[in-house]
Amino acid sequence: QAIGDNDIIFALGIEGGHNLCRDLVAKKGWSDVGTAGANDDALWKDFCSPLSAPAARSAESLKRLHAALWKENLDLLYVTLTHLTHIDQQLLANHAFGMKMLNHASFFPQGYGLEQEGKDFITAAYEMKADGKSTPVLIDTKHMSLKSRMDFYDYRRQNGYTHPIIASHVGVTGYTLAEWKLAKAHAAPAVKEGVKVNEVVTEPKHCGTYGSIIVKDKYHFNPWSINLMDEDIEEVIESKGMIGVSLDVRILGFESRLGKLLSGEHAEYLSVNEYNWLFGRGTDTDTALVDTKTAEEALIPGKDTRQPLALCFNIVHILAVGKRMGLTDTWKYISIGSDFDGLVNPVQLAEDCSLRPALESTLMRWLPVAERAYDQEHGSGALLPGVNGTQRSMNTEPDLQMLKTVVRGVLYENGRSFLYNWYGADVKQPLAVEAMKMADVPVVKAKKESIKK
């Protein structure tokens, strides 16, 4: 059955390597297995038996899960190595700080980049096979610390891996790594919930100003290192991967009036070892973590909203990085990526998928505004394409038809094209697709969901 324009495509991804742990989280030695019945599917049967190779638990767990998925006519698109918390028993890479609403030891980064177990896991993912065919699982860099991401790129180069990189739901700092380090406004050692860290405040980069003569809003990128540096953007684009721009206002940045920063003084936290790697100071090492279960249970939603212009500035900056790389089609590597899980603060007109038409109209209106404001601040020149994708000058308005192509590409077509290019013409095998005939829903799930065929 052919895939139609109104079909919804679901691709399976896993957020956090801890999901592959076969023990109960924070309960070392407590096996997380059940009892399989004769009629249970392959996935449940897989999780009802312990690992045969505990020393390589992550890679082995991934291989077994992939084999079980394959038996159920499902495939795994990508895995995020880490999430919001440090989980010692399944540590693939240390995470970036991303939870400021709650205090728990596990939320604060520890460790030092990509672990050996993480490297073994990446090798297993990229060299995965099923039925004698190469069926790689991609790696998503979201939630990885800055050091972990740089280690990941180095490991790929060292081993000749050229698989597409996914950054599934991210914002941008607006900085290169060198610029970001120079923008450090404050740093101090701290102990948070018993964990030694370094508190860091980075001066946020101004992306543009918009407003009337009386009241002007200054927009700033979020400089936290959980967001992409320009080097990250380049790595994803060069791999022909996909950048999913988050709809979470806390990730995208913020606005301030009359030059007063509303949230620029909020600190992030780096592990001691990662801070020493970045700034070459201090001799302390990380402390061990105790328990993580309480932290996972304590997640609560926020309530703030932010104007969609912040979303547009993040998109425009990615286009600017692509322009410096000599590209004219960078927009093809951008999609929408968000967690509609109750925790994020979505931008206005993007509270749920039913508002996609409103979000499309919003992007059509505000992307040219963001382009002009960004150019006035950074001298980038034109970033949105002209007629038929040609380069235009800032003296001409973006071509309306091409702008619509770019916006619909970001909202839907780029994600679909990525899946088609990755899996090939026969997208139903191995990709699991549920053909849902609907009246007018030309939208793909931009984040990770799963559906069993």
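Student: How much space lies in the second largest pocket, and what does such a volume stand for?

Tutor: Rolling a probe the size of a water molecule over the atoms shows where empty space is left. Here, the second largest pocket holds about 280 Å³; a pocket is an open set of points on a 1 Å grid over the protein atoms alone where a 1.4 Å probe fits, with protein on both sides within 12 Å along at least five of seven lines, and its volume is the space filled by probe spheres set on the points. This is a predicted model, in which local features need pLDDT of at least 70 and side-chain atom pairs count only at pLDDT 80 or more, whereas totals for chains, interfaces and linings use all residues. Residues are numbered from 1 along each chain as its sequence is written, and side-chain values use heavy atoms, with hydrogens and water left out.

Student: Which residues lie nearest the centre of the second largest pocket?

Tutor: Of the 13 lining residues, Lys240, Tyr333, Ser417, Phe418 and Asn421 lie nearest the centre, where lining means having an atom within 4 Å of a point. Helix α12 (residues 400-423) contributes the most to this lining, with six residues; helices (H or I, at least four residues) and strands (E, at least two) are DSSP runs, numbered from the N terminus. By class, the lining comprises five nonpolar, five polar and three charged residues.

Student: Turning to the open sheet of three strands, what is the strand order?

Tutor: The order is β7-β8-β13, with antiparallel pairing, two strands being paired if DSSP finds at least two bridges between them. Because β7 (184-192) and β13 (268-271) each have a single partner strand, they stand at the edges, and one side of each is left without a neighbour in the sheet. From one strand to the next, the twist averages 35°.

Student: How many bridges join β7 and β8, and how many join β8 to β13?

Tutor: β7 and β8 pair over eight bridges, with lysine 192 opposite valine 195 in β8; these two strands form a hairpin with two residues between them, and glutamate 193 in the turn has a positive phi of about 55°. Strand β8 (residues 195-202) is joined to β13 by four bridges, and in β13 serine 271 is the bridge partner of valine 197, while tyrosine 269 is that of glutamate 199.

Student: Is β8 mostly covered or uncovered?

Tutor: β8 is mostly covered, as six of its eight residues are buried, meaning under 20% relative accessible area with a 1.4 Å probe, protein chains only. Of the 453 residues of the protein chain, 56% count as buried.

Key: Nonpolar A, V, L, I, M, F, W, Y, C, P; charged D, E, K, R; others polar. Axes fitted to C-alpha atoms, helices over the stretch in contact; angles between N-to-C directions. Buried < 20%, exposed > 50% of the residue type's maximum accessible area, 1.4 Å probe, protein only.
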